[in-house]
Amino acid sequence: MDHFKVNSKDLFFILKEQLSYGSLCRLDRYKDLNELTLDMLVTEAISFARGVVAPLQEIGEVRGIGFDGDSVTCPGEFKEAFRQYGEDGWIAAARNTKYGGQGFPHMMRIVINDLMYGACQSFNMAPSLTHGAAHLIESFGSDALKCLFVPNMFKGVWAGTMCLTETEAGSNLAAIQTTAVPNGDAYRIKGTKVFISWGDHDLTENIIHLVLARIQGAPPGVEGLSLFVVPKIQVEKDGGLGRSNDVVCAGVEEKMGLHASPTCMLNFGARDGCIGYLCGRENKGLSHMFQMMNSARINTGVSGMGIAGTAYLNALAYAVQRRQGQDITGSKAGDVAIIDHPDVRRMLLWMKGTVDGMRSMIYSCAFWQDFALELPQGPEKAHYANLVDFMTPIIKACCSEWGFRVCETAIQCLGGYGYCKDYPLEQYLRDVKILSLYEGTNGIQAMDLLGRKMTIRGGACYQAFRKEITSFCRKHKNHPVLGQQLNTLAGAMHQLKQTTVKLANMKKKDPLQWASRSYPMLMVFGEISMAWRLLDMASVAYDPSRPKVRKSDFYRGKVFQAKFFVDETLPGTLAKMGSCLREGREVVEMPERAF
């Protein structure tokens, strides 16, 4: 089944026409690159996703994984794909050449993941986690740790994971019980971690776990957590593999979806033989780990968007070829393609705009991140860093939520066939659902956005967000085609400003009531962000200075989707802000026994 579909023209429109991503090559780190090189990388990534990764989707679903009681086996095709993924440089495309990376812009990692997640989410989690774990060591580890572990992880010779969650320490990491006892220049690690994605497998000869643990005598709570590099197989100083490191898979979860991605319970040090190495500073493990967690949160949104993209295109392909029912105006004889039916067109247009808007949100954030990381110190660098920080919980929560809704709507387009395994949509729906739970549930993202991100650095993150959108509305307010929609967006921003002030007061006086409003407000920020990015694309597609140049259906589609989304969605966004300020206290005052 050739399930994976991607419209490269949509990708390149955002990269080249909306963002001008070739401008990144003016940054000192990328001065030896040019836009043509970036284009070639995207084209090759599309080819690799189609030819190597996409076939794994059905293989993984049908054959799944094996577990014999203490180790996991995967389909042979997964092992070969992981080897090729590493050898071809996809794991470390955006990493430092010193340790085997290719030195491409950071945003290219996001573009690559968009394609690979859409092709096979369950597989791509493995190299994505490997990249994140290796980059943690690269960022915070000693030179010895970097040389010993990072090159083999970037090449895909070894894999990597992050190990935070425990049975009694899910969202509350302060409750972590895993311990680390000094043992010469290393530590003895002891504890159990659960829900560890790709925690055990046979894709590589070694797995390098990044583990949060508490050093003996460390302070309680998150302030006492440290980060450790814990290999499954001990690594000698010369880089050779030694004996088993007392890391054992004690179980694999039976899940709703992602059947080819092993979610493991790992026992560290059950026989007192597990050795780990401190990565970074003592008691700073959580702050170090947040680098990987924030990256994982953005990639959760990327995954939702990538799967939604192929779901939409599968629904579109079906709607074009499936003939059923009469044209309601009688203007066409006989059965018509279901794309002629208004309700199907409504669903397709909503999916198209949602996918395009999510992709623009995510690619734009990745583009800004390069400026945040590579610009010299100054106000511009700080602005982009604040903007990326603010957008992270929005991208994670909204794109995981909308990704699920797009898959659901794609099934609806196919009718009964969408519910059947003859088509890939029902698997997409099962696989994508986990994303609203990964890396802190979407409710936790809402608390992060409305609590911490609104106030850190004196409110600079929120101000960066406001500045971008208000400047955009001001610049294009007289647009001959989009003026009404831009005025609606400007009005939404004005109401958002008033609403956030009132919510800040509510947080001080009535924190329970404020918390009950946090998730709807997160979606308000997401819908406003989506409207902004869609209108930005539309303003590029219809440039008033060149109105005769861009009259193709492709460019007209960018305008239609933006107008549709703004006119259909933002009135509800405005109403949602009003409901967040109402005085009703049902959520917080409902007696527990009344539920």
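Predicted model: local features only at pLDDT ≥ 70, side-chain atom pairs only at ≥ 80, totals over all residues.
A disulfide is a covalent bond between the sulfur atoms of two cysteines.

Cys420 is a second case. The closest cysteine sulfur to that of Cys420 belongs to Cys413, and the separation of 16 Å is again too far for a bond. By the distance rule, the structure has zero disulfides.

The next feature is a pair of helices. Two packed helices are described by the angle between their axes and the distance between the axes. Helix H1 covers residues 8-18 and helix H9 covers residues 342-374. Their axes come within 10 Å and cross at roughly 45°. An angle between 35 and 65 degrees falls in the oblique class, and H1 and H9 are therefore oblique to each other. The crossing of H1 past H9 is right-handed.

Which residues of H1 meet H9? On the H1 side they are Asp10, Leu11, Ile14, Leu15 and Gln18. On the H9 side they are Asp356, Arg359, Ser360 and Tyr363. The residues of this contact divide into four nonpolar, two polar and three charged.

Two single residues can be located in turn. Lys79 is part of helix H4, which spans residues 76-87. With 44% relative accessibility, Lys79 counts as partly exposed. Although Lys79 and His201 are 122 residues apart along the chain, their C-alpha atoms are separated by 9.4 Å. Which residues does Lys79 contact, once its neighbours within four places in sequence are left aside? They are Asp202 and Leu203.

Glu254 sits in a loop, between strand E10 (247-252) and strand E11 (263-268). Its relative accessible area is 80%, so Glu254 is exposed; the cut-off for that class is over 50%. From C-alpha to C-alpha, Glu254 is 9.9 Å from Cys264, and the two are ten residues apart in sequence.

Definitions and conventions
Residues numbered from 1 in each chain as written. Heavy atoms only, no water. Disulfide = S-S within 2.5 Å. Axes fitted to C-alpha atoms, helices over the stretch in contact; angles between N-to-C directions. Helix = DSSP H or I, 4+ residues; strand = E, 2+ residues; numbered from the N terminus. Parallel < 35°, antiparallel > 145°, perpendicular 65-115°, else oblique. Left-handed = near helix turned anticlockwise from the far one by under 90°. Contact = heavy atoms within 4.5 Å. Nonpolar A, V, L, I, M, F, W, Y, C, P; charged D, E, K, R; others polar. Buried < 20%, exposed > 50% of the residue type's maximum accessible area, 1.4 Å probe, protein only.
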